[in-house]
Amino acid sequence: MKFRVVVAKVGGSLARRGLENLKLTLDELGSLDEAVVVVPGGWVFADISRLVDSSLNLKAELSHAMGILSMEMYGYMVANFGFSAATLKDLREVKGGDKLVLLPYSSGLHESELPKSWRVTSDSIAVWVAQKLREWGYDAVVLKITDVDGIFKDGCLLDRVKAEDVRGCVDSYALKLIRKYGIRLFICNGIRRGRVKGYIVEGRTLGTLIE
Ligand SMILES: Nc1ncnc2c1ncn2[C@@H]1O[C@H](COP(=O)(O)OP(=O)(O)O)[C@@H](O)[C@H]1O
Ligand SMILES: [Mg+2]
């Protein structure tokens, strides 16, 4: 085992709450001692692509490429906050303390083994990237940083939940990959300062672990 890499899906939900929230979350990730790979969501760029797809009914491989390109655009925005743009190939050589943001289109992920469908979103790609890192000898911890505390049941925040019991909150294909690879994904609130750091540094914070 080389060392642990933090794979953090940061998507539209945080950006939608104001780019200041996105910046503060990225600052928190940037302040960690560990290597971090941000997997960007698609946000408004994906919304536009979905709109075009819904009126033109694009071929699946074309709309999938647009979805992956949407993530790439968000990725460049993340790079603006001090993360180095990286391709999947670069991640094979990730160094301790690196702060990277994945460029999925430049990585060729629009032509990967993953299904070419809107079901394969950045949640799925975060889990898939974590599995690649594990195959390359790294340990990986996967976070989905969003704008809610985690998954609730009957009004109570769940500490942990089995992937097969999750409905919504995480995209369905990501749940399938979590089960397939035996990867755990921790959902936490990026609007509340210290949650991300608490989980990575102290091993616990408010949030939901999907296993
Ligand atoms: N556990 C949850 N319970 C209720 N709503 C949620 C939950 N997780 C996410 N959401 C809502 O669903 C929407 C999409 O969330 P998410 O998938 O985290 O965003 P994105 O993929 O754009 O980063 C957001 O509006 C968010 O507030
Ligand atoms: Mg989502």
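**The sheet and its setting**

Modeller: The chain holds eight helices and 10 strands, where helices (H or I, at least four residues) and strands (E, at least two) are DSSP runs numbered from the N terminus. This is a predicted model, in which local features need pLDDT of at least 70, side-chain atom pairs count only at pLDDT 80 or more, and totals for chains, interfaces and linings use all residues. Residues are numbered from 1 along each chain as its sequence is written, while chains are lettered from A and ligands numbered from 1 in the order in which they are written.

Eight strands form an open sheet with mixed pairing, in the order β3-β4-β2-β1-β5-β9-β10-β8. β3 (84–86) and β8 (160–161) each have a single partner strand and stand at the edges, so one side of each is left without a neighbour in the sheet. Two strands count as paired if DSSP finds at least two bridges between them. In general, strands of a sheet pair through backbone hydrogen bonds, either parallel or antiparallel.

As for the setting, buried residues make up 44% of the 211 residues in the chain; a residue is buried if 20 or more other C-beta atoms, placed from the backbone, lie within 10 Å of its own. The C-alpha atoms of the chain fill a box of roughly 50 × 45 × 35 Å along the principal axes.

Technical notes: Buried ≥ 20, exposed ≤ 12 C-beta atoms within 10 Å, placed from the backbone.
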